[in-house]
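Here's a quick tour of a few local features, with the cut-offs spelled out along the way. Have the coordinates open as you read.

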Amino acid sequence: MNPLDRQVAHRLTQYYILALALVAILTVSGLWFVKRTMRDLNDDGRVVNVAGRQRMLSQRLTKLAVLRIQDIPHADQSDFGNLLDLWHESHEQLRTGMLRMEKEYIVRKSPQLNMMFSQVQAVFEAMHENLKIIDSNQSTATQKAAALLVVLDKEHRFLNQMDAIVFRFDAESLERVQYLEHIEWVLTLATLTVLFLEGILVFRPVVNYTKRVIHRLTQSEEELRSTNEKLARTNTELLETQQKLVRTTEEKYQLQLAEETVRSAALLEGQEEERRRFARELHDGIGQMLTGLKLHVEKLRKIPFAEDKQKQRVEDLRNLLQETIQNTREVAFNLMPSVLGDFGLEAALQLLSDQTARSSGIDIRYTGKKDTGRLTPAQEIGLYRVAQEALNNAVKHAHAKRVEVIFERSPHEIRLIVRDNGRGFCENKKYSESSGSIIHNGIGNMKTRVRLLNGTFKIDSKKNKGSTIEVKIFG
């Protein structure tokens, strides 16, 4: 750029910045002025409302005073003293120029309004003092009757003067609105003037300069078109390469997902097989030995003992063996319930709900149709483990008082729902708030089992509002 171009560009930039700065200053000033005036008008509206309320309060207090002295039954249950205090407090705040309500409102008053408040002050004080006499329990009936006469005499004058004050407040607020409209017109004309000068001094030279630039750009259009064509071919080749890379990545991901599914299925199958073996060992091995040991203890109970302590020890041993046998049976059942293989998923879920309710003391209700036919072994054991894990979470982590287990089956869908009223949890947290134990591993296992069954897993949990786990298998 030659020195002349730099000089022109520098001068145009200065003009442009100056014009924009003037427009910005005028705009910001107008916005600030309008905002401040609107805030003042909002305060004025509240002041007019409070001034109008003073008339209503004075009429209401006069009415209540008449009803009280004449002992006339009425339905107005308002406290006379509270109304009197509100009336007095609002009047003093209007007179001093500051309303203190949900926030502080400035009472803008002209000298005329100050004079009007000075004129009404004597009438207000006379009414206030006599209303206090009427409200006082120490005043005699004669004093209250005399005070009522004064209130009735002053009320008409007070209402007329408050009417004049309210109208004056409203008139001054209207004057401020008209003043705001005048300022807006001035700012608008100033802004339009600046924009007009900006168009003449800035935009016209810029347009001429732009014409010259466009002429130069037109001359290089062919070269640019040729370059764009080469770039388009290069972009096409790059896009094809990216698509191949995406396909390769997707294939790799699907392969990894398949491998992960196979590993998960093998791991779960191994776990189930190990549980079956361990359950058989407990039932056929340790269970039989414990049962035999219990028979020996039963024989010992029939032998006469020299001391009661020996007899009590044998009895304690018998009870301990009974409890151990029961615990062993429960462990064997949790590892691999025989009822699942013999009678199907519905019976196993019913028995699981009953046993969990007895051991935990929680109200657990099972809902499901019987005699719906058997599922595949993989579906039965998978859904059973999901229900078992969900009940375990509800008892140990959610501290629920009530749990519902619902099993539904149709020709096209199988649904399992476990709903509790416990404390719930946030899914983005890794630990339960009560004990810090990891509960998301169990949820992950449930999701894996459902995924291997080609189903959907949904969990809805909110803090202190319970949790709902819903499994759907389509088939």
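## Helix H8 and its two sides

On H8, the face pointing away from the buried side holds Arg358 and Ser359, both exposed. Here exposed means over 50% relative accessible area, buried under 20%, and partly exposed in between, using a 1.4 Å probe and protein chains only. The helices (H or I, at least four residues) and strands (E, at least two) are DSSP runs numbered from the N terminus. This is a predicted model, where local features need pLDDT of at least 70, side-chain atom pairs count only at pLDDT 80 or more, and totals for chains, interfaces and linings use all residues. Residues are numbered from 1 along each chain as its sequence is written, and side-chain values use heavy atoms, with hydrogens and water left out.

The buried set in H8 is Leu345, Glu346, Ala348, Leu349, Leu352, Ser353, Thr356 and Ala357.

## Aromatic rings

Rings of Phe, Tyr and Trp (its six-membered ring) pair if their centres lie within 6.5 Å; planes under 30 degrees apart are stacked, over 60 edge-to-face, and the rest tilted. By this rule there are four aromatic pairs. One of them is Trp87 with Phe124, tilted, at 4.6 Å centre to centre and 55° between the planes. Trp87 belongs to helix H2 (residues 80-96) and Phe124 to helix H3 (residues 111-135), so the pair ties together parts 37 residues apart in sequence. Trp87 and Phe124 are both buried, and ring pairs link Trp87, Phe124 and Phe158 into a cluster.

## Strands E3, E4 and E5

Strands pair if DSSP finds at least two bridges between them. E3 (residues 363-368) and E4 (residues 402-410) run parallel, joined by six bridges. E4 also runs antiparallel to E5 (residues 413-420), with eight bridges, and E4 and E5 make a hairpin with two residues between them.

Val405 is a handy spot to look at: in E4, Val405 is the bridge partner of Tyr366, and Val405 also stands opposite Val418 in E5.
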